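I wanted a quick tour of this one before doing anything else with it. These are my notes, in the order I looked things up.

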Amino acid sequence: HLFPFAHALGPYLLAVHAMAAAGAYLWLRSLRLGRWPALGGAALFAAGGLMVGHMQYPNLTSTVAMTPWMFLLADRPLLQGLASAAALAAGYPPVWAGMTAAHFALRWLWAAEPTPAGLAGAYLRLAAGTALGCALGAVVLAPGLELAANSQRARGVDLQERTNYSMTPLELLSLIHPGVARRAVLARQEAKPGKEEVVWTYEGVASTFTFYSSYQDPLEDPGGAKAIPWKSAYAGLGGATAALGGLAWLIAAQPARGAWAGAFMGACVLLLLGNHHPASRWLWENVPGLSFLRGPARLGFLVYAATAPLAAIGLAALGRLRASKTMKRAAMAAGAIAILGELAWLGAGFYPTIDKAYYAQRGELVEFLTERLGTHRYWQFTLLEVWAYVNKRSDHPRYEEFKQAVYRTYKQKLFGLSNGPYHLAAASGSYEPLVPAGTERLDRDVLEKGIFEAGPRLRWAGVRYMTNRRFSPELEKTMGIRRRPAKDPGTGGKW
């Protein structure tokens, strides 16, 4: 509300990543790790795939960015409570809950006094800080819990839907990098050559794009990113090697702690497999709490709770080599710089570049609703979201222009957080992870029964306008919707 959305988004994302890096560095330094190992671990946390791959979800990355501060301040309940409340206020409570659970699971690994009395005090302080965070963050937590209680999710999610978006064993290689997983998966596929042609007409000029394919890429992102976000929690080859080295050193030096860290990492990785492994499927079917979640692969953020400190421990192990102090420091510095450099290289261009003005240009649909919606709401068909081949490759001179037209249109079609700059009231709840049960039933009624039967409930919900991707005479007849053509045929369809 204080700054124009288009101008504030970039600086905000930079601030979020800076907060993540600073928090991770200070946390790792508090574990008595040297500067270079802490820098390498902080680089992995702030510049790895968890933060970069999910950059399009600023509420998620903002929550993640606050978690190192929660870990850092674990022995100071008041400050830890403030950090926990800030993570809640960032707007992604499931990530906050997962990271908090990981914090409790791993707290004893980093405890300064691993005696029974010392651990009891550490956990009491952690519990007190978490309780304070819940109290301070109640402005977010309480409405969220109320919404959850009144949603379909409260009755649990069907196992098949619950385990959608799982990773195959080969796709676990995306924890190193999606490109590694992609090559491994495609190498086992049988080539099936395909060809698609798309005709795009804009300003009276028709262009035909021809796309060729041989394989089905399960990591392909429809929006044109290097990979879909929930398969992008990568650590890079250097980061993964350092983390495994740190785990090996911990197992050798402190077997109990090393075994616990390994078990935690193994359990997190097992959860990602979902319906692609019987043990993972059993967990998703029987472990309390998992029945309310969807998408095993979306839990990749849990791995980072242990990956960053283990990578720092792995770099610190270089300081124990039989060499001069100068060589040891050089080895740790080289390792940290290699991790940072690789992650910078992997993250460059992860997302397509679009004009900043797309976040400010209202477009025809937004202008129409802004002028006429008033105190009413609009209802949106999920079919409206069509990316239209922006993730392909083409040598056609107008292909980049075509992609930009699609991106511009997408930012004006009010999907989820895209509605943020305009503050228009939606009734359908489409593209949101948690909606009231009544809204879900209304969505289903409209799709299954049509506008005529659902009309009274739509009017009761204050719906005045509906949007869809395209209309046909059959749809117009069965759904009872009047057609309003778009003025600009280059905007990706008719509204």
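This is a predicted model: local features need pLDDT of at least 70, side-chain atom pairs count only at pLDDT 80 or more; totals for chains, interfaces and linings use all residues.

I count a charge as sitting over a ring if NZ of Lys or CZ of Arg is within 6 Å of the ring centre and within 35 degrees of the ring normal.

**Entry 1: a charge over a ring**

With that rule in hand, I looked at Arg298. Its charged end sits over the ring of Tyr165, 4.5 Å from the centre. I then checked where Tyr165 is, and found Tyr165 in the loop between α9 and α10. Is Tyr165 buried, exposed or partly exposed? I got a relative accessible area of 43%, so Tyr165 goes down as partly exposed.

**Entry 2: other positive phi values**

Arg32 also has a positive phi, near 65 degrees, and is not a glycine. I located Arg32 in the loop between α1 (5-30) and α2 (35-47). At a relative accessible area of 77%, Arg32 is exposed. I noted Gly91 as well, which comes just after α5 and takes a positive phi of about 105 degrees.

**Entry 3: helices α5 and α6**

I went through α5 next. This helix has 13 residues and reaches 18 Å from first C-alpha to last, close to the 18 Å expected at 1.5 Å a residue. Its buried residues are Gln80, Gly81, Ala83, Ser84, Ala85, Ala87 and Leu88. They pack against α4, α6, α7 and α8 (138-149).

Then α6, residues 93-106: 14 residues, with a reach of 20 Å that is close to the 20 Å expected. I listed Val95, Trp96, Gly98, Met99, Thr100, Ala102, His103 and Leu106 as buried there. What covers the buried residues of α6? I found that the cover includes α4 (58-72), α5 (77-89), α7 (116-136), α12 (255-273) and α14 (301-317).

A reminder to myself on reading such lists: an α-helix has 3.6 residues a turn, so residues three or four places apart point the same way.

**Entry 4: nonpolar cores**

How many residues are in the largest nonpolar core? I got 78, and the ones with the most contacts inside it are Phe45, Val64, Leu106, Leu299, Phe301 and Leu310. Helix α14 gives the most to this core, with 13 residues. Apart from it lies another core, of 12 residues, including Trp200, Tyr399, Ala405 and Val406.

I followed up on Phe301. Skipping neighbours within four places in sequence, Phe301 is in contact with Leu50, Pro94, Val95, Gly98 and Met99.

**Entry 5: aromatic pairs**

I ran the ring search and the count came to 15 aromatic pairs. For Phe211 and Tyr399 I have ring centres 5.7 Å apart and planes at 65 degrees, so I filed the pair as edge-to-face. The pair links distant parts of the chain, with Phe211 in strand β2 (residues 205-213) and Tyr399 in helix α17 (residues 399-410), 188 residues apart. Phe211 is buried at 3% relative accessibility, and Tyr399 is buried at 4%.

The other pair I wrote up is Tyr234 with Phe350: centres 6.3 Å apart, planes at 35 degrees, so tilted. Tyr234 lies in the loop between β2 and α11 (236-253) and Phe350 in the loop between α15 (325-347) and α16 (363-372), so this pair ties together parts 116 residues apart in sequence. I have Tyr234 as buried at 0% and Phe350 as buried at 2%.

Going back to Phe211 and Tyr399, I saw that they form one aromatic cluster with Trp200, Phe209 and Phe402.

**Entry 6: two histidines**

His177 is in the loop between α9 (159-162) and α10 (178-187), and is buried, with a relative accessible area of 14%. What does the side chain of His177 reach? It reaches the backbone nitrogen of Gly179, at 2.9 Å. His177 also touches Tyr234 and Leu346, not counting residues up to four places away in sequence.

His17 is in helix α1 and counts as buried at 16% relative accessibility. Leaving aside neighbours within four places in sequence, I have His17 in contact with Ala46, Met51, Val52 and Met55.

Key: Residues are numbered from 1 along each chain as its sequence is written. Side-chain values use heavy atoms; hydrogens and water are left out. Helices (H or I, at least four residues) and strands (E, at least two) are DSSP runs, numbered from the N terminus. The expected span of a helix is 1.5 Å times one less than its number of residues. Buried means under 20% relative accessible area, exposed over 50%, partly exposed in between (1.4 Å probe, protein chains only). Contact means heavy atoms within 4.5 Å. A nonpolar core is a set of buried Ala, Val, Leu, Ile, Met, Phe, Trp, Tyr and Cys residues joined through side-chain atoms within 4.5 Å. A polar contact is a pair of N or O atoms within 3.5 Å; within protein, one must be able to donate a hydrogen and the other to accept it, and residues adjacent in sequence count only if both atoms are side-chain atoms. Rings of Phe, Tyr and Trp (its six-membered ring) pair if their centres lie within 6.5 Å; planes under 30 degrees apart count as stacked, over 60 as edge-to-face and the rest as tilted.
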